[in-house]
Amino acid sequence: MSRTMQDVEQIVSDYLAELLTPAPAAAPAAEVKVVSIETWRDADAAGRGADPRYLLCSAAGVKLAVPMADVTHMLPMPPLTPPNTTNPICMGRWRHPSGEARVADLGAILSPDMAGASTSTLVILGNRAWALGCVVDDEPVELMTDAIQWRHGATSRPWLAGMSKEPKCGVVETAALIRWLEQELGP
């Protein structure tokens with residue numbers, strides 16, 4: 001029995017010695033260099049046209065296609081901080097790991113009469129400063145540029161870049177939408 005006790009003591013001693021032995025020094029991290037950054041907001045519409053995928057967002061029965069190149073993230077509608085304005089477009093603010101996004105009601109963007117339409121999804125746009133409250137039921141769809149009837153020089157709804165015949169929906173120019181939101185609600 002004393003032999004067994006010595007074996008157990010040796011095992012425990014070896015285990016503790018291994019735990020207390022310093023780990024080898026980690027290799028230095030590789031140097032990372034940023035060659036160039038093109039922010040989403042500075043990219044022109046023609047450059048983003050290379051990605052034909054669009055996210056179909058709905059509000060009050062109206063569908064709008066948002067370019068996937070401008071969608072940073074989407075998630076089920078979280079609780080929002082109450083808005084600091086009475087404008088029906090602003091649903092509130094949502095704090096995320098890299099800052100805070102102002103959340104706009106897609107229904108109210110379409111028409112103030114549609115404010116408060118059902119929303120189940122938060123679609124975070126571009127640089128994460130703005131998000132849309134809407135309904136997203138489908139996976140992204142491909143819309144070819146030649147299948148979109150483009151608008152030019154529009155004075156009403158300048159963020160509406162055009163209309164798609166199949167699927168039938170409006171096509172959003174995200175940078176113009178954000179400029180419009182900043183005019184309506186302030187930067």
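Trainee: What joins β10 to β11?

Mentor: A hairpin does, running through 4 residues. Keep in mind that we're looking at a predicted model.

Trainee: And what makes β10 and β11 a pair?

Mentor: Pairing takes at least two bridges. β10 and strand β11 (residues 169-172) are joined by 4 bridges, so they qualify, and they run antiparallel.

Trainee: Why is β10 called largely enclosed?

Mentor: Of the 5 residues in β10 (residues 160-164), 4 are buried, so the rest of the structure largely encloses that strand.

Trainee: OK, on to the sheet with β3 in it. What is the strand order?

Mentor: It goes β3-β6-β7-β5-β4, an open sheet of 5 strands with mixed pairing.

Trainee: Why are β3 and β4 called edge strands?

Mentor: Because β3 (71-76) and β4 (90-96) each pair on one side only. On average, neighbouring strands in this sheet are turned by 25° against each other, ignoring direction.

Trainee: What makes β5 and β7 a pair here?

Mentor: 4 bridges join β5 (residues 99-105) to β7 (residues 130-134), and the cut-off is at least two. These two strands run parallel, and R102 stands opposite W130 in β7.

Trainee: What packs on that sheet?

Mentor: Helix α4 (residues 174-185), which touches β4, β5, β6 (121-125) and β7. The direction of α4 makes about 95° with that of β7.

Trainee: How do you know that the length of α4 agrees with what a helix should span?

Mentor: Take 1.5 Å a residue: the 12 residues of α4 should span 16 Å, and the end C-alpha atoms are 16 Å apart, so the two agree. Several α4 residues are buried, among them T174, L177, I178, L181 and L185. Just after α4, G186 takes a positive phi of about 90°.

Trainee: Why is S58 called buried?

Mentor: Buried means under 20% relative accessible area. S58 comes in at 14%, so it counts as buried. S58 is found in strand β1 (residues 53-59), and leaving aside neighbours within four places in sequence, it's in contact with K63, L106, C134 and V135.

Trainee: Then why does R93 count as partly exposed?

Mentor: R93, in strand β4, has 22% relative accessibility. Buried would need under 20% and exposed over 50%, so at 22% R93 is partly exposed.

Trainee: What makes the link between R93 and E100 a polar contact?

Mentor: The pair of N or O atoms has to be within 3.5 Å, and the R93 and E100 side chains make theirs at 3.3 Å. Beyond its neighbours within four places in sequence, R93 is also in contact with residues including L80, T81, N84 and R102. As for T81, it's 12 residues from R93 along the chain, yet their C-alpha atoms are separated by 5.0 Å.

Trainee: Last one: how many helices and strands does the whole protein have?

Mentor: There are 4 helices and 11 strands. Buried residues make up 37% of the 187 residues, and the accessible surface comes to about 11800 Å², with 55% of that belonging to carbon and sulfur atoms.

Methods. Residues are numbered from 1 along each chain as its sequence is written. This is a predicted model: local features need pLDDT of at least 70, side-chain atom pairs count only at pLDDT 80 or more; totals for chains, interfaces and linings use all residues. Side-chain values use heavy atoms; hydrogens and water are left out. Buried means under 20% relative accessible area, exposed over 50%, partly exposed in between (1.4 Å probe, protein chains only). Axes are lines fitted to C-alpha atoms, for helices over the stretch in contact, and angles run from 0 to 180 degrees between N-to-C directions. Contact means heavy atoms within 4.5 Å. The expected span of a helix is 1.5 Å times one less than its number of residues. A polar contact is a pair of N or O atoms within 3.5 Å; within protein, one must be able to donate a hydrogen and the other to accept it, and residues adjacent in sequence count only if both atoms are side-chain atoms. Accessible areas come from the Shrake-Rupley method with a 1.4 Å probe; for residues, only the protein chains shown count as cover.
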